[in-house]
Amino acid sequence: FSVVVNSFKKSDSSNFASKISLIKDLSESEASNEFAILKTLCHERVVRVIEAHQGSKFFTLTMERLLGIDILTYLSYQQEYNEEMITRIIQQVLDGLDYLHFREVCLIELQPDNIVLTNQHSLNIKLIDFSKARHVPNNKAKVAVQGNVEYLGKLLVQS
């Protein structure tokens, strides 16, 4: 179970997003896995991690705060959209995925909720929620797959 809240740093008046996860066993925690992966990544299409804190029952992951909305909500608000707009979104998603694959990371659960606009005034996106992501060191490696069945269906059939 996780909740994302706005965070504020008084010393420099900066805003962040903090994902607070309830944990039972940190060694198997998706939150600690997410931090381990995100701290190795630096790309314009991937949310930037700031820091992580571990308590006895909670794991807090602080990330850059994105001021936009998820891509599906954005598209549903549009009265009309064109091929150029959709192409721009898809190119950015593929750019992010290409970087992840170069870094040997498989996002696993790519869904509209995990594609977020950086702000509400531009069509620039970032990939978020790396809780299900895994390092895949080579092309023939097998990875345990868990996640939302709606977005894993084809992946499970190919396994």
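The model is predicted. The chain has 159 residues, of which 37% count as buried. Its accessible surface is about 10300 Å², and carbon and sulfur atoms contribute 52% of that area.

**Elements and sheet**

The protein chain contains 4 helices and 8 strands. Read from the N terminus, their order is β-β-α-β-β-α-α-β-β-β-β-α.

An open sheet is formed by 4 strands with antiparallel pairing, arranged in the order β1-β2-β4-β3. The edge positions belong to β1 (2-9) and β3 (49-54); each has a single partner strand, so one side of each lacks a neighbour in the sheet. On average, neighbouring strands are turned by 25° against each other, with direction ignored.

Strand β2, spanning residues 14-22, pairs with β4 over 7 bridges in the antiparallel sense. In this part of the sheet, Lys19 is located opposite Leu61 of β4. Helix α1 packs on the sheet and touches β2, β3 and β4. The direction of α1 makes about 35° with that of β4.

**The aromatic pair**

How many aromatic pairs are there? The count is 1 aromatic pair. It consists of Phe35 and Phe59, whose ring centres are 6.5 Å apart and whose planes stand at 55°. Planes under 30 degrees apart would count as stacked and those over 60 as edge-to-face, so the remaining angles are classed as tilted. The pair of Phe35 and Phe59 is therefore tilted.

Phe35 belongs to helix α1 (residues 30-38), while Phe59 belongs to strand β4 (residues 58-64). The pair therefore ties together parts that are 24 residues apart in sequence.

Are the two residues buried or exposed? The cut-off for buried is under 20% relative accessible area, and partly exposed covers the range from there up to the exposed class, over 50%. Phe35, at 22% relative accessibility, therefore counts as partly exposed. Phe59, at 5%, counts as buried.

| Residue | Relative accessibility | Class |
|---|---|---|
| Phe35 | 22% | partly exposed |
| Phe59 | 5% | buried |

Key. Residues numbered from 1 in each chain as written. Predicted model: local features only at pLDDT ≥ 70, side-chain atom pairs only at ≥ 80, totals over all residues. Heavy atoms only, no water. Helix = DSSP H or I, 4+ residues; strand = E, 2+ residues; numbered from the N terminus. Buried < 20%, exposed > 50% of the residue type's maximum accessible area, 1.4 Å probe, protein only. Areas by Shrake-Rupley, 256 points an atom, 1.4 Å probe, with all protein chains shown as cover. Phe/Tyr/Trp six-rings, centres within 6.5 Å; stacked < 30°, edge-to-face > 60°. Pairing = 2+ DSSP bridges. Axes fitted to C-alpha atoms, helices over the stretch in contact; angles between N-to-C directions. Contact = heavy atoms within 4.5 Å.
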